[in-house]
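Please look over the sequence and the model before reading on.

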Amino acid sequence: MKIEYDLISKSQLTDEVRGCFSVALKQQRKVQGDLWRKADRCKLLCIAKIDGKVAGIGAIKVKTESDFSNEKAGLPKQSSDFEWELGYLYTDPSYAGKGIAKNIARMLLDEFGQENLMASTEISANPAMVKILEQLGFRLYGNTWKSNIHNNYLGLFLRYT
C-alpha cells in the first residue's frame, strides 16, 4: 500500500480538487457551510490518496478570527499576530494510525515556511491531533470552548516563529 501526497497551491485549484476536498470535509462532519468553496479559502492544500482513494486532507487556510475572541479562547489581542491557520486536517478512519495526518501537517508547514500559524482542535476528543500539533511546535493558549457543531471542547494552538 503506497500513500501518495499531493501538495496543491491556491493557483492550482481545480474542480476535481475542490470535489475531493469537499467530500472529505463532509465525511469529517466538523465543518459547516459551502464545503465546495472551503478549498478557495486555502493558501495550500494537501490530499493523501491510497490506491486512488482520498485517505486524508489538510490545508493552510485563512485564520478563523473568532477563535481568538473573548467568547472562545479569550485572546483577541493575539489575533493580529496570525494570518493563517493549519486546518481541515482529516484522515479517513479506515486509514487511521498510518501517520497520514502528521505527514500532511508536516508537508504543509515545510511548504508554508516560517510565519506564525494557528490551529484549533478538540482537546480530549482528539488527543492524536493535540500530540501532532505539540510535536510541530504548537502550544495551547487561552481558554477552551464548546463547539457549536458538536459537543466537544476546542482549544487554540499557536506556533510563533
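## Contacts of Ile60

Leaving aside its neighbours within four places in sequence, which residues is Ile60 in contact with? In this predicted model, the partners of Ile60 are Cys42, Lys43, Leu44, Trp84, Glu85, Leu86, Leu108, Phe112 and Leu117.

## Nonpolar cores

Ile60 belongs to the largest nonpolar core, which has 26 residues. Together with Leu86, Leu117 and Phe138, Ile60 touches the most other members of this core. At least two residues of the core come from each of strand S2 (42–50), strand S3 (53–62), S4, H2, S5 and H3. H2 supplies the largest share, seven residues.

There is also a second, separate core, made up of 18 residues. Leu13, Val17, Phe21 and Ala59 are among them.

## The largest pocket

The largest pocket holds about 1,100 Å³ of space. Its lining consists of 44 residues. Gln28, Lys30, Leu89, Ser120 and Thr121 are the lining residues that lie nearest the centre of the pocket.

Strand S4 (84–91), helix H2 (100–112), strand S5 (117–122) and helix H3 (127–135) each contribute at least two residues to this lining. S4 gives the most, with seven residues. Sorted by class, the lining has 18 nonpolar, 15 polar and eleven charged residues.

## Elements found in both

The top contributor is S4 for the lining and H2 for the core.

Key: Residues are numbered from 1 along each chain as its sequence is written. This is a predicted model: local features need pLDDT of at least 70, side-chain atom pairs count only at pLDDT 80 or more; totals for chains, interfaces and linings use all residues. Side-chain values use heavy atoms; hydrogens and water are left out. On a 1 Å grid over the protein atoms alone, a cavity is a set of points where a 1.4 Å probe fits but cannot get out, and a pocket is an open set with protein on both sides within 12 Å along at least five of seven lines; lining residues have an atom within 4 Å of a point. Grid points are joined across faces, edges and corners, and a volume is the space filled by probe spheres set on the points. Helices (H or I, at least four residues) and strands (E, at least two) are DSSP runs, numbered from the N terminus. Ala, Val, Leu, Ile, Met, Phe, Trp, Tyr, Cys and Pro count as nonpolar, Asp, Glu, Lys and Arg as charged, and the others, Gly among them, as polar. A nonpolar core is a set of buried Ala, Val, Leu, Ile, Met, Phe, Trp, Tyr and Cys residues joined through side-chain atoms within 4.5 Å. Buried means under 20% relative accessible area, exposed over 50%, partly exposed in between (1.4 Å probe, protein chains only). Contact means heavy atoms within 4.5 Å.
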